Amino acid sequence: LPIFGNLFGMIYKGVYKYDIDIMKKYGKTVGFFECSTPLILTSDINFIKMVTIKDFPLFTNRRVRLKDL
């Protein structure tokens with residue numbers, strides 16, 4: 001169902017296992033939906049550096065985890 005995106009897969013497998021499985025299947029950088037929110041998941045260190053250092057001001061809607069507060 002489009003409303004839920006990939007949420008059922010995450011609930012069924014668990015978030016960590018689901019993330020590992022889709023990265024093994026599709027590569028280092030993948031995009032998917034959590035409900036109707038598009039997400040990018042990456043383990044590419046160069047992409048992470050580019051987003052968190054060089055292009056940081058361009059990404060205004062970053063998810064905040066509870067441990068970051």
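What is the mean pLDDT of the protein chain, and what share of its residues reach 70 or more? The mean is 76, and 71% of the residues reach 70 or more, where pLDDT is the predictor's confidence in each residue, from 0 to 100. This is a predicted model, in which local features need pLDDT of at least 70 and side-chain atom pairs count only at pLDDT 80 or more, while totals for chains, interfaces and linings use all residues. Residues are numbered from 1 along each chain as its sequence is written, and side-chain values use heavy atoms, with hydrogens and water left out.

**Overall layout**

- The protein chain has three helices and two strands, which follow the pattern α-α-β-β-α along the sequence; helices (H or I, at least four residues) and strands (E, at least two) are DSSP runs, numbered from the N terminus.
- Among these elements, helix α1 (residues 7-13) has the lowest mean pLDDT, at 69, whereas helix α3 (residues 45-54) has the highest, at 85.
- Of the 69 residues in the protein chain, 17% are buried, a word that here means under 20% relative accessible area, worked out with a 1.4 Å probe and protein chains only.
- Among contacts with a separation of 6 or more, 26% join residues 24 or more positions apart, where contact means heavy atoms within 4.5 Å.

**Helix α2**

- Helix α2 covers residues 15-26, twelve in number, and reaches 16 Å from its first C-alpha to its last, close to the 16 Å expected at 1.5 Å a residue; the expected span is 1.5 Å times one less than the number of residues.
- The buried residues of α2 are Y18, D19, D21, I22 and M23, and just after this helix G27 takes a positive phi of about 115°.
- D19, which lies in helix α2, counts as buried because its relative accessibility is 18%.
- Not counting residues up to four places away in sequence, D19 touches F32 and L41.

**The nonpolar core**

- The largest nonpolar core has seven residues, namely Y18, I22, M23, V30, F32, L39 and L41; such a core is a set of buried Ala, Val, Leu, Ile, Met, Phe, Trp, Tyr and Cys residues joined through side-chain atoms within 4.5 Å.
- Helix α2 and the strands β1 (29-34) and β2 (37-42) each supply at least two residues of this core, and α2 gives the most, with three.
- One of the core residues is I22, which, leaving aside neighbours within four places in sequence, is in contact with G27, V30, F32 and L41.

Notes:
Buried means under 20% relative accessible area, exposed over 50%, partly exposed in between (1.4 Å probe, protein chains only).
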